[in-house]
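Dear colleague,

Please find below the sequence and structure that I am handing over to you. My notes on what was found in it follow directly after.

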Amino acid sequence: MQQPVESGYDRNTTAEEVIKGINLCGKLVVLTGGNVGLGKETARVLAKAGADLFMGARRIEALKAVKEELGSQGAGKIYLHALDPTALDSVNAFAGAVRALSRPIAILIN
């Protein structure tokens, strides 16, 4: 039987409240779809926590706009790469670009 996990968060909890007190400086976060909606909000909050972000999306121009916005949020390094999750070649290229950094991935958000 499943039991609820008591996290202290509920539907009214903001992203800032969840990340409060967490320092991600020097940590690599790989985030797919960080250019709009929930992905963009996730990227924004992770940037505020100091994470290095590696973001992929179909529309690289939209990612560039997000990178500009995040630059003022206290983010670490921000890497961008085109990614079409429906095209295996694109997924492989994205994964190869992440591997080329030769850094451990602290957080992976797909």
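**Findings**

D52 is found in strand β2 (residues 52-57); helices (H or I, at least four residues) and strands (E, at least two) are DSSP runs, numbered from the N terminus. Please note that this is a predicted model, in which local features need pLDDT of at least 70 and side-chain atom pairs count only at pLDDT 80 or more, while totals for chains, interfaces and linings use all residues. Residues are numbered from 1 along each chain as its sequence is written, and side-chain values use heavy atoms, with hydrogens and water left out.

D52 counts as buried because its relative accessibility is 7%; buried means under 20% relative accessible area, exposed over 50%, and partly exposed in between (1.4 Å probe, protein chains only). The side chain of D52 makes a polar contact, reaching the backbone nitrogen of K77 at 2.8 Å. Such a contact is a pair of N or O atoms within 3.5 Å; within protein, one must be able to donate a hydrogen and the other to accept it, and residues adjacent in sequence count only if both atoms are side-chain atoms. Not counting residues up to four places away in sequence, D52 touches G26, K27, L28, V29, G76, K77 and R103, where contact means heavy atoms within 4.5 Å.

S90 is found in helix α4 and is buried, since its relative accessible area is 16%. Leaving aside neighbours within four places in sequence, S90 is in contact with A82, L83 and D84. L88 also lies in helix α4, but L88 is exposed, because its relative accessible area is 60%. Between L88 and A49 there are 39 residues of sequence separation and 32 Å in space, C-alpha to C-alpha.

L101 lies in the loop between α4 and β4 (105-109) and counts as partly exposed, given its relative accessibility of 23%. L101 is in contact with L28, F54 and Y79, leaving aside its neighbours within four places in sequence. L101 and L88 are 13 residues apart in sequence and 20 Å apart in space, C-alpha to C-alpha. S102 lies in the loop between α4 and β4 as well. Although S102 is not a glycine, it has a positive phi of about 55°; with 63% relative accessibility, S102 counts as exposed.

As to the chain as a whole, the secondary structure comes to four helices and four strands, which follow the pattern α-β-α-β-α-β-α-β along the sequence. The C-alpha trace spans about 40 × 40 × 25 Å along its principal axes. Of the 110 residues in the protein chain, 29% are buried. Among contacts between residues at least 6 apart in sequence, 66% join residues at least 24 apart. The protein chain has 13 positive and 11 negative side chains, and the centres of the two sets lie 5 Å apart. Here Lys and Arg count as positive and Asp and Glu as negative, with His and the chain ends not counted; the place of a charge is taken as NZ of Lys, CZ of Arg, CG of Asp or CD of Glu.

Finally, on confidence: the mean pLDDT (the predictor's confidence in each residue, from 0 to 100) of the protein chain is 91, and 96% of its residues reach 70 or more. Confidence is lowest in helix α3 (residues 60-71), at a mean of 88, and highest in helix α4 (residues 88-100), at 97.

With kind regards
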